[in-house]
Amino acid sequence: MEEITFKAVLWGYIKQKCKVLILFAIFSLLFFVVIAFYQLHAEAVLYATALCLSVGLIWGIVDFCYYYKRHKVLYEMRDKVDVDIEKIPLPHNLIEQDYMDLISAVHKDKIRRITEYDHLTSDMIDYYTMWAHQIKTPIAAMRLLLQTEENTNNKELLSELFKIEQYVEMVLSYLRLDSNSTDFVIRQYPIESIVKQAVRKYAPLFIRKKIRLDLKPMDQQVLTDEKWLVFVIEQILSNALKYTSKGKITISMEGKTLLISDTGIGIAEEDLPRVCEKGFTGYNGRADKRASGIGLYLCKRILTKLSHTIAIESAVGRGTTVKIGLDELETL
């Protein structure tokens with residue numbers, strides 16, 4: 001917020017008091033007219049005018065100092081996210097009191113609307129959380145039914161069912177991340193164990209798409225939350241498998257950075273700065289028609305909460321490399 005200069009404040013004060021100055025000038029002019037009309041000595045009027053100007057100047061300086069002080073208090077309050085209206089300087093006239101009453105009314109209405117919105121949001125989150133948990137039961141039942149008989153149709157249906165499970169997990173993670181009681185459990189975990197959990201989950205998709213996995217040895221530990229970091233790696237593997245039709249996916253460590261590279265179609269250069277924005281799908285997403293633009297957005301938010309970082313390097317037709325910065329690493 002740009003600060004108002006002392007000169008601007010002084011000019012604003014003069015404009016506010018201009019009526020008083022004009023009235024004083026008119027009264028002085030009337031005195032001189034009367035003196036001239038009756039041919040009286042002007043010395044007494046000049047002396048009285050000079051006295052009035054001196055007293056008025058002293059009063060104006062004191063009043064301006066108070067005016068400037070009030071301006072500073074109000075200006076500093078504008079920089080605060082949550083302004084306490086009780087700290088606003090007290091009004092000195094009826095108009096200022098009217099403005100104060102108006103501010104109080106607007107503030108109360110804002111609090112009321114925020115409370116209503118919080119209740120509605122809480123109800124909506126509770127409903128979708130309940131829905132996501134309940135939908136897991138029929139999904140599990142469908143998986144069991146499809147696994148009873150192996151044929152081409154069932155394999156295709158199991159593949160689609162796996163995608164549904166991933167979308168449900170994404171919904172749950174989205175809801176949990178926005179809740180006030182995110183269940184982070186921060187401690188040291190072997191990074192290789194975390195990566196293998198994500199890889200095992202997507203093993204059938206690797207086999208089905210005939211994508212080779214090159215998993216390099218990792219002998220470090222990371223200070224993180226296991227469940228949330230597994231979710232992030234799963235999302236990145238999901239994207240890598242979605243946009244890779246042949247070749248391999250490589251997972252390795254480079255210093256304190258986890259690298260996940262693929263030989264897929266890559267990301268357009270103009271899309272790279274925005275791939276972690278909420279709802280952004282880019283050229284690949286528009287071509288795919290099924291991308292939600294939520295996966296990488298969630299990854300970015302989760303990694304930020306875990307004090308990790310994410311960076312993406314890519315070129316169209318040459319694949320993509322996702323770099324997850326894990327600052328707290330120890331060698332086993």
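The crossing of α6 and α7 is right-handed (the near helix is turned clockwise from the far one by less than a right angle; anticlockwise is left-handed). This is a predicted model: local features need pLDDT of at least 70, side-chain atom pairs 80 or more, while totals for chains, interfaces and linings use all residues. Residues are numbered from 1 along each chain, and side-chain values use heavy atoms, without hydrogens and water.

**Exercise 1.** Describe how α6 and α7 pack.

*Solution.* 
- Locate the helices, which are DSSP runs (H or I, at least four residues; strands are E, at least two), numbered from the N terminus. Helix α6 covers 191–209, and α7 covers residues 226–242.
- Take the axes, lines fitted to C-alpha atoms over the stretch in contact, with angles from 0 to 180 degrees between N-to-C directions. The axes of α6 and α7 lie 9 Å apart, at an angle of about 30 degrees.
- Classify the angle. The pair α6 and α7 is therefore roughly parallel (under 35 degrees; over 145 is roughly antiparallel).
- List the contacts (heavy atoms within 4.5 Å). From α6 they include Ile191, Ile194, Val195, Leu205 and Phe206; from α7 they include Leu229, Val230, Ile233 and Leu237.

**Exercise 2.** Describe how α7 and α9 pack.

*Solution.* 
- Start with the geometry. Their axes are 10 Å apart, and the angle is about 150 degrees.
- Classify it. Helix α7 is therefore roughly antiparallel to α9.
- Helix α7 passes α9 in a left-handed crossing.
- Name the residues. Among them, Trp228, Phe231, Val232 and Ile236 of α7 meet residues of α9 that include Leu296, Leu298, Cys299 and Ile302.

**Exercise 3.** What is the strand order of the open sheet, and which strands are at its edges?

*Solution.* 
- Read off the order. The sheet has 5 strands, ordered β2-β4-β5-β7-β6, with mixed pairing (a pair needs at least two DSSP bridges).
- Find the edges. Strands β2 and β6 each pair on one side only.
- Neighbouring strands are turned by 15 degrees against each other on average, direction ignored.
- Inspect one pair. Strands β5 (residues 257–262) and β7 (residues 319–325) run antiparallel and share 5 bridges. Ser261 stands opposite Thr321 in β7.
- Helix α9 lies across β6 and β7, at about 145 degrees to β6.

**Exercise 4.** Where do Lys210 and Ser307 lie, and are they buried or exposed?

*Solution.* 
- Recall the background. Most residues other than glycine have a negative phi.
- Take Lys210. Its phi is positive, about 60 degrees, although it is not a glycine. Lys210 sits in the loop between α6 and β2 (212–215). Its relative accessibility is 73%, so Lys210 counts as exposed.
- Take Ser307. Its phi is also positive, about 65 degrees, and it is not a glycine. Ser307 is in the loop between α9 (295–305) and β6 (309–315). With a relative accessible area of 53%, Ser307 is exposed.

Methods:
Buried means under 20% relative accessible area, exposed over 50%, partly exposed in between (1.4 Å probe, protein chains only). Angles under 35 degrees count as roughly parallel, over 145 as roughly antiparallel, 65 to 115 as roughly perpendicular and the rest as oblique.
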